[in-house]
Amino acid sequence: MLKTLPKDKILITVAMTGALVTKEQHADLPVTPDEIAENARLCVEEGAAICHIHGKDKNGGNTSDVAVFKEIKEKVRAKSDAIIQFSTGGGPNLTQEQRIECLDALPEMASLNMGSLMRLSGQYKGTAFCNLPEEIETYLSKMKRLNIKPEMEVYNVAMFKEVNDIIKKGLVEPPYCINLVLGMRYQGALEATPKILTTMIDFLPDNSVFNCAAVGSDQLPITTLNMLLGGAVRVGLEDNIYYNKGVKATNMSLVARTVRIARELGKEPMTPAEAREFIGLKPL
Ligand code: KMH
Ligand code: ZN
C-alpha cells in the first residue's frame, strides 16, 4: 500500500531556486544564502515544510562548493525549522563528482535522480543528464553513511526499474520519498497530464510517499490533482516562474496558493515537525 497523506493534511515542498532559472528571468529568484534563508522562512510561514535547494556562486552560476551549502544550511536553520533538502542534480555545468559534494554539508534530505535524460535546448543541448545505476548507488551509499534521506526523482516509468532495484538491494529505507517530475523539456521525460500522473502512481512501490513536480503552467493543475490523489505537492520558482499568464510568481505566492486550495479541500499543511515524523526523519 502507498503511504498516502492523511486526508486532512498536505505536505508542501518549495523548490526555491533551481539550476536553470536566472535573476535576469526573475529578479526575485533567491540566489544568495541570505536570500535563500529568508525565502525559506517566509515559505515555512506560508505552509511549506521542505525546502529543495540548489547552490549558486557569486555570479549566479550553479556551484558544488560545500562552503556555500554549509552557509545555506546555517542561515536557513537560523531562521526556520524547514526540512533542508539539497539538490544532487546540481546543474548542467557540474560533473557527477561535483554534484555529490553538497552531501558533505549534511542536509536532512537530498534529491536522487533515478535515471538519465537528454537535454534538448540551450548551451547543453545534446548532453545527457547522466545518472547511471552505479552512480545512483554511489550517491545512495554516501547518503546512507551520512544519514541523509533520499528523495527519488522519477521522470518516466522506466526509472521505476532503478527504484525497485535499490529497494530490493536494501539501499533505501521506507517510507520511500518519490517525486514524480512531469513536463521537463528533456528527451525521455514525460508530459504533465492527468493520465501520465495516474499511470506513474500505478507504478509506485508500496510504502511510497509520493510528491509531484510539474513544470510551467502545468504546475497548478497537476500538483492539485496529486493532492487529491493523496500525494504531496512541490511548487516553486525552480519549476515555474509564473503565478498565472504573464504575472510573475514568488515562492511564497505559490506556496500560499497551494495552502488556499488545500484548505478548500479540508487539508491543513504539515509543519516541518509533522512532516519529519511522517517521512521518518529525526526531529530537529
Ligand atoms: N528540476 C528537476 C531536474 C534535482 O534538483 O536533483 C528536478 C529536480 C532534481 O529538482
Ligand atoms: Zn532541483
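Gln96 is buried, with a relative accessible area of 15%; the word buried stands for under 20%, exposed for over 50%, and partly exposed for what lies in between, with a 1.4 Å probe and protein chains only. The model before us is predicted, so local features need pLDDT of at least 70 and side-chain atom pairs count only at pLDDT 80 or more, while totals for chains, interfaces and linings use all residues. Residues are numbered from 1 along each chain as its sequence is written, chains are lettered from A and ligands numbered from 1 in the order in which they are written, and side-chain values use heavy atoms, with hydrogens and water left out.

Gln96 belongs to helix α3. Helices (H or I, at least four residues) and strands (E, at least two) are DSSP runs, numbered from the N terminus. The side chain of Gln96 has a polar contact of 3.2 Å with the side chain of Glu135, and another, of 3.0 Å, with the side chain of Tyr139. A polar contact is a pair of N or O atoms within 3.5 Å; within protein, one must be able to donate a hydrogen and the other to accept it, and residues adjacent in sequence count only if both atoms are side-chain atoms.

Glu97 is also found in helix α3, which covers residues 96-99. Is Glu97 buried or exposed? Glu97 is exposed, at a relative accessible area of 57%.

Let us turn to Asn211. This residue is placed in strand β11 and is buried, with a relative accessible area of 4%. The side chain of Asn211 makes a polar contact of 3.3 Å with that of Glu151. A polar atom of the Asn211 side chain also lies 3.2 Å from the backbone nitrogen of Arg234.

Arg234 leads us to the ligand. Among the residues around ligand 1 are Arg234, Ser87, Gly89, His52 and Glu238; a residue is counted here if one of its heavy atoms lies within 4 Å of the ligand. The shell divides into 2 nonpolar, 6 polar and 3 charged residues. In this scheme Ala, Val, Leu, Ile, Met, Phe, Trp, Tyr, Cys and Pro count as nonpolar, Asp, Glu, Lys and Arg as charged, and the others, Gly among them, as polar.

Which distances separate oxygen atoms of ligand 1 from Ser87 and Arg234? An oxygen atom of the ligand is 2.7 Å from an N or O atom in the Ser87 side chain, and one is 3.0 Å from such an atom in the side chain of Arg234.

Finally, the aromatic rings. Rings of Phe, Tyr and Trp (its six-membered ring) pair if their centres lie within 6.5 Å; planes under 30 degrees apart count as stacked, over 60 as edge-to-face and the rest as tilted. The count by this rule is 3 aromatic pairs. Why is the pair of Phe69 and Phe86 edge-to-face? The ring centres of Phe69 and Phe86 are 4.8 Å apart and their planes stand at 65°, so the pair is edge-to-face. Phe69 lies in helix α2 and Phe86 in strand β4, so the pair ties together parts that are 17 residues apart in sequence. Both Phe69 and Phe86 are buried.

Phe160 and Phe203 form a stacked pair, 5.9 Å from centre to centre and with 15° between the planes. Phe160 is buried, at 2% relative accessible area, whereas Phe203 is partly exposed, at 42%.
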